[in-house]
Amino acid sequence: MLAVSSAAASAQPGLESGSFEIAQHGHAVGTANFHFAATEGGYDSTSLVKVSMQGLDYALSKTERLSLANQLEHVQLSAIVNGEAVNAVAAPDAAQLLVNISASGRSSTTRLAAHPGAVFLADFDPGALETLLALAAERNNRDLWVILPKNIGSVEPVQLATYADQQGTLDGKPIVVHHLVATIAGANTDLFSGPENQLLQAELPQEGFALVRKGFVLEPPAKPIAPLEGLVTPAPGV
């Protein structure tokens, strides 16, 4: 179902960027963007996220280095969650993945099982989801994992289910939309991607939250838009 393309998946040197609105129940609460740059030996990736709403003030900056096969070589994350600093660094070490996380005045070092099809996934990060789509295309939707930088860090398997294609518009032009559902640690994320495997929209596991690429409209919408009253705020984290 997925075709290999985008800078994160293409064998051809190039650039890929994406700018997204973060919405809760259809109301804008933040922005996110990513940028991939081809290097001699792979890709450099950056992601920036900002959410500002009642109960959640969240800013994230992530830089990572990927191989030509989209395998993680190094990642560094800095975030501010409701005034609290969170930092994480991860890199392969022998046959394991070494993860260092500091938050709430505490630091931890964890060794996790290393998987070639693993993505470092922080909350609201469209670059990580773009990489997940690229790896899914390369690996036929199998043997996919995410590294979650919460608490001391963990690695979780990803189960992907393919649904019927949908329709939408991108910058006013019709576009075929592929639909996947990723199940991670018992929670579902609906992923909508274009013909070139680019992330267009993600319905996130946090209640009512979505990432929507600027200029993209899914037809019909993924979920009904709830009224503004009674919005639910996610628990702070990365």
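Which side chain meets that of Glu-64 in a salt bridge? The close-up views below take up this pair, other salt bridges and the nonpolar cores of a predicted model, in which residues are numbered from 1 along each chain as its sequence is written. Local features need pLDDT of at least 70 and side-chain atom pairs count only at pLDDT 80 or more, while totals for chains, interfaces and linings use all residues, and side-chain values use heavy atoms, with hydrogens and water left out.

**View A. The salt bridge of Glu-64 and Lys-62**. The side chain of Glu-64 meets that of Lys-62 at 3.5 Å, N to O, a salt bridge being a side-chain nitrogen of Lys or Arg within 4 Å of a carboxyl oxygen of Asp or Glu. Both Glu-64 and Lys-62 are buried (buried means under 20% relative accessible area, exposed over 50%, and partly exposed in between, with a 1.4 Å probe and protein chains only). The structure holds nine salt bridges.

**View B. The salt bridge of Asp-123 and Lys-150**. The closest N and O atoms of this pair are 3.1 Å apart, and the pair links distant parts of the chain, 27 residues apart, with Asp-123 in the loop between strand S9 (118–120) and H1 and Lys-150 in the loop between strand S10 (144–148) and strand S11 (154–170). Helices (H or I, at least four residues) and strands (E, at least two) are DSSP runs, numbered from the N terminus. Asp-123 counts as buried at 14% relative accessibility, whereas Lys-150, with a relative accessible area of 33%, is partly exposed.

**View C. The salt bridge of Glu-130 and Arg-213**. These side chains meet at 4.0 Å, N to O, and because Glu-130 lies in helix H1 and Arg-213 in strand S15 (residues 209–213), the pair ties together parts that are 83 residues apart in sequence. Glu-130 is buried at a relative accessible area of 1%, and Arg-213 counts as buried at 10%. A network of salt bridges links Glu-16, Glu-130 and Arg-213.

**View D. The largest nonpolar core**. This core has 56 residues, and those with the most contacts inside it are Ile-22, Val-51, Tyr-58, Phe-124 and Leu-191; a nonpolar core is a set of buried Ala, Val, Leu, Ile, Met, Phe, Trp, Tyr and Cys residues joined through side-chain atoms within 4.5 Å. Helix H1 (residues 126–138) gives the largest share of this core, six residues. Apart from it lies another core, of nine residues, including Leu-170, Ile-175, Ala-210 and Phe-216.
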